[in-house]
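Q: Please pick a single part of this structure and describe it closely. I would like to know what it is, what surrounds it, and how the surroundings are put together.

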Amino acid sequence: MPMLTLETRPQWRTLLDSATLLVPDERPAIIYLETDKAPVTVTRSQFMGEVIRCAAALQTVGIGARDLVIIAHIQNLESIYGFWGALWLGAVPSMFPTLTEKLDPDHYMQSMAELTRRSEAKAVLTTDTFAPELAKRCACPVYGTSDWLPDRDEQSETTNMMLRRPKPGEIAFLQHSSGTTGLQKGVALSHQAVLNQLASYASALELSEKDVIVSWLPLYHDMGLIAGFIQPILQGIPLVLMSPFDWVQHPALLLRAIHEYRATLCWLPNFAYNHLARRVRVRDSEGLDLSSVRAFINCSEPVRQGSHQLFLERFAANSVTANQLAVSYAMAENTFAVTQSLVGEIANTDMIDLEALQRDLRAASVAADAPHAAPQVSCGKPIANTMVKIIGDQGEVLPERSVGEVLVKSDCMLTGYYHRPDLQPFDAEGWYKTGDRGYIADGEIYIVGRSKDLIITAGKNIYSQDIEAIIYEVEGIHPGRAVVFGVPDEREGTELIAIVAEVDVTDEADRKVIYQALRQQVVRAAEVSVSFVSLVERGWLIKTSSGKTARTTNREKWLVERADGRL
Amino acid sequence: MTETEVREKLRQFILTDLIKDLKYALTDDEGIVSGGLIDSFSLAEIGVFAEQEFNVYIPDPDLTKAKMNTLNLMVARVMRDLK
């Protein structure tokens, strides 16, 4: 069985042609790691057995071809088998974030109910504890583990199952991004699109059977789902997997996994380089050899040279070198990767004049010691069969080094937003407008900002207006009298969230209640932490007609006042 | 180092680096993680700080929300192994 590459692509019809399923031998498919527990190794044959068992169980509860199955589970092996079990039936699975202790159950269930109603989901798979409460809210059946998946010895028929082969153009699965805004748009990807992406991407990565992928990424996020889950199963290379909750608290787990399993590829959002460099204790990384890694691929939030530098210095003793630091620019709408820098080489850095960038929308190349010089890290060239162009405000195609909106066209794009015929992702010529701003230099893509009012914090996309809607509900906050914006932070290597809110109360104890409620409500509703809360007097906020300008101007004012100690 | 010194060092660290607000009136038994004041990333950071500042190594299984939720809990965990 060859690997899926541009050359072998014609031999593949659907995701069910996955190497792990077609050659179910004793090689490891997934190695699941947890702090303080022994690793669990799932062989390909065990994986195959579990997938068929799940498919049969799903069929028993009435799931069939083209039915949408939402998997709102903790990240574990059962959710993985359930996903592939649904694919096996020709159904359409979609991974969804689970309810965690931090989230407000009411808010979460309301959005789940909305999602299942809007997308006409056939079923939701979740944990036993969570199922009864969620079932009261959702229009479709909600199954806890024991509701749909019988114990191994109780399951009778698995062999009679008719395997219905989906057609290449059919929807394979959906990806949802986070937040109120993201929830309303399920990115529908066909088998064909996913196979096209993975074929092109395998060529860009020079993927081989010797590769081992390690991932802590959530499976409801495109990077975790495609690069860190579908890709290794489909290509038949081992996946060393851990839960994001575990990794965030215990970052050294990832490094031990690389050392132990000689992992070769690892995708990380930019903040993770800082998190690893700053929060892995020396005694936890001592003696670990990270030289097996062909590429740490920085993806899904703006790449900062400082983060790469910090990571390099911190782990030089563990044999990390600059040539391992690669970059990719990706989005769910293109299945995953749009570009990839060369693996085995350090991603290029372009020194540009920041003032010229802001003044003329030109990325003028300057010497590193020139005034206003700032490094931009290249995302590499587009992968095969993906095209990128930069357009100006009037829709005109811009030349190299001119900054404009990034448009993408490829053979691996979404079919559409699921059950949202009102949202047309493409223009008349089939280009997708990404909302990101960037430029091209020597054929390589550089991303410098975005048109959308979006905060990317620790790899998570957050819309300011979503957070503002949450805080307007807090007692003591008046709608329209608070703003939310992102503040880039060098130390964390990501954007941090700031709230500025006007309050009328002056009593210190009352103000503390509001202060705590703001932080708590945001965590509970959106599962992101707020780093800065400033309670200000009435009249502090600068009012403008558009939400976006209000955020920018108030952010400027906040930065000045915070710098000189007034806030 | 006395317990009071450990407490003050931890308090300063939490206010400056984690909550990023020196004016915040943090109480000893306030749920810092459960109250949304800090996130899971900060748990790993507390581990680093405890090692650098007090030379106390808190193993991963002890760096959890339940075991590090209040200033009192953190102080007690550091004091246990403080030499």
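A: The bounds of a domain come from an automatic or database domain assignment. In chain A that assignment gives domain 1, residues 9-191, and domain 2, residues 454-563. The C-alpha centres of domain 1 of chain A and domain 2 of chain A are 36 Å apart.

The model is predicted, and local features need pLDDT of at least 70, side-chain atom pairs count only at pLDDT 80 or more, and totals for chains, interfaces and linings use all residues. Residues are numbered from 1 along each chain as its sequence is written, while chains are lettered from A and ligands numbered from 1 in the order in which they are written.

Helices (H or I, at least four residues) and strands (E, at least two) are DSSP runs, numbered from the N terminus. A residue is called buried if 20 or more other C-beta atoms lie within 10 Å of its own, exposed if 12 or fewer, and partly exposed in between, with C-beta atoms placed from the backbone. The buried ones are Asn270(A), Phe271(A), Ala272(A), Tyr273(A), Asn274(A), His275(A), Leu276(A), Ala277(A) and Arg279(A).

What covers these residues? The cover includes strand S11 (265-268), strand S12 (295-298), helix H14 (305-315) and strand S26 (494-502) of chain A, together with helix H2 (40-54) of chain B. Contact is meant here as C-beta atoms, placed from the backbone, within 7 Å of each other.

Two of the covering strands, S11(A) and S12(A), belong to an open sheet of nine strands in chain A, ordered S2-S1-S10-S9-S11-S12-S13-S14-S17, with mixed pairing. Its edge strands, S2 (40-43) and S17 (381-382) of chain A, each pair on one side only. Two strands pair if DSSP finds at least two bridges between them. S11(A) and S12(A) run parallel and are joined by four bridges. In one bridge, Trp267(A) is partnered by Ile297(A) of S12(A). Helix H8 (residues 191-205) of chain A packs on the sheet, where it touches S11 and strand S14 (337-340) of chain A; the direction of H8 makes about 10° with that of S14(A). Axes are lines fitted to C-alpha atoms, for helices over the stretch in contact, and angles run from 0 to 180 degrees between N-to-C directions.

Cys266(A) has Phe296(A) as its bridge partner in S12(A), and Phe296(A) has Leu325(A) as its partner in S13(A). S12(A) and S13 (residues 325-330) of chain A run parallel, with three bridges between them. Is S12(A) covered on one face or on both? Both are covered: Ala295(A) and Ile297(A) are buried on one side, and Phe296(A) and Asn298(A) on the other.

In soluble globular proteins, nonpolar side chains tend to be buried together. A nonpolar core is a set of buried Ala, Val, Leu, Ile, Met, Phe, Trp, Tyr and Cys residues joined through C-beta atoms within 7 Å. The largest has 175 residues, of which Val51(A), Val69(A), Val124(A) and Ala263(A) touch the most other members. A second, separate core of 30 residues includes Ala482(A), Val523(A), Ala526(A) and Val530(A).

The contact between the chains takes 20 residues from chain A and 19 from chain B. On the chain B side that touches chain A, nine residues are nonpolar, five polar and five charged. Here Ala, Val, Leu, Ile, Met, Phe, Trp, Tyr, Cys and Pro count as nonpolar, Asp, Glu, Lys and Arg as charged, and the others, Gly among them, as polar. Val56(B) is found in the loop between H2 and helix H3 (71-81) of chain B. Val56(B) counts as partly exposed because 18 other C-beta atoms lie within 10 Å.

Technical notes: Two residues are in contact if their C-beta atoms, placed from the backbone, lie within 7 Å.
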